[in-house]
Amino acid sequence: MGAVPRSARPLQLTLALLKPDAVAHPPVLEAVHETILNNKFLIVRTKELMWRREDSQRFYQEHSGRFFYRRLVEFMTSGPMRAYILAHEDAVARWRSLMGPTKVYRARNTAPDSIRGAYGLTDTRNTIHGSGSKKMPAGTNSGTQLKNKAARMLTSCMTIPCRSRRPGRDLMLTGHWEKSGCFIGSGEH
């Protein structure tokens, strides 16, 4: 097997969590997966997750005290989720655009073709979670440690040849998650 050429531009990584409402409905799960592929994301890794209450509380700790916090924590522990590490030249912004607004009524009116516009049920059961921003200063998000732990679990120290659907378009993702410049944020729930 020959060397895999590197991409001309660096790829950015982002986290995509398919929430329990999406995972519980295989047609929705499949449609979101197809949306990821059709928008030319590379799926670096995927894993089924089942959170305990403590995991969910830490992940969404920045929202504690807000009216939806308890409902969100309970929902995120109500069933399995699917985590994706996605790669693209502009992964965070592109994924956020595909997700659409957090509030489902807004997504349906302003971005009906977005994932939340098409499949979201309520503001809590809105199908997906995505990274809040590319970078966030250390200590500004108390759930960052858990998120980075989840990212390490999904990617570990990686050198991954990524196969393209088109011959001659393969590339190599190399590096360690913490050094990749990607932040896994909970800026949107």
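The structure is a predicted model. T124 is considered here together with K103, whose C-alpha atom is separated from that of T124 by 8.4 Å.

**T124**
- T124 belongs to the loop that runs between α7 (115-119) and β4 (128-130).
- When neighbours within four places in sequence are left aside, the residues in contact with T124 are K19, R71, L72 and F75.

**K103**
- K103 is located in the loop between α5 (91-99) and α6 (104-110).
- With a relative accessible area of 32%, K103 is partly exposed, because this value falls between the 20% and 50% limits.
- Along the chain, K103 and T124 are 21 residues apart.

**Overall architecture**
- The protein comprises 8 helices and 6 strands.
- In sequence order, these elements follow the pattern β-α-α-β-α-α-β-α-α-α-β-α-β-β.

- Among contacts with a separation of 6 or more, 76% are between residues 24 or more positions apart.
- The protein has an accessible surface of about 10000 Å², and carbon and sulfur atoms account for 51% of this surface.

How values were computed. Residues numbered from 1 in each chain as written. Predicted model: local features only at pLDDT ≥ 70, side-chain atom pairs only at ≥ 80, totals over all residues. Heavy atoms only, no water. Helix = DSSP H or I, 4+ residues; strand = E, 2+ residues; numbered from the N terminus. Buried < 20%, exposed > 50% of the residue type's maximum accessible area, 1.4 Å probe, protein only. Contact = heavy atoms within 4.5 Å. Areas by Shrake-Rupley, 256 points an atom, 1.4 Å probe, with all protein chains shown as cover.
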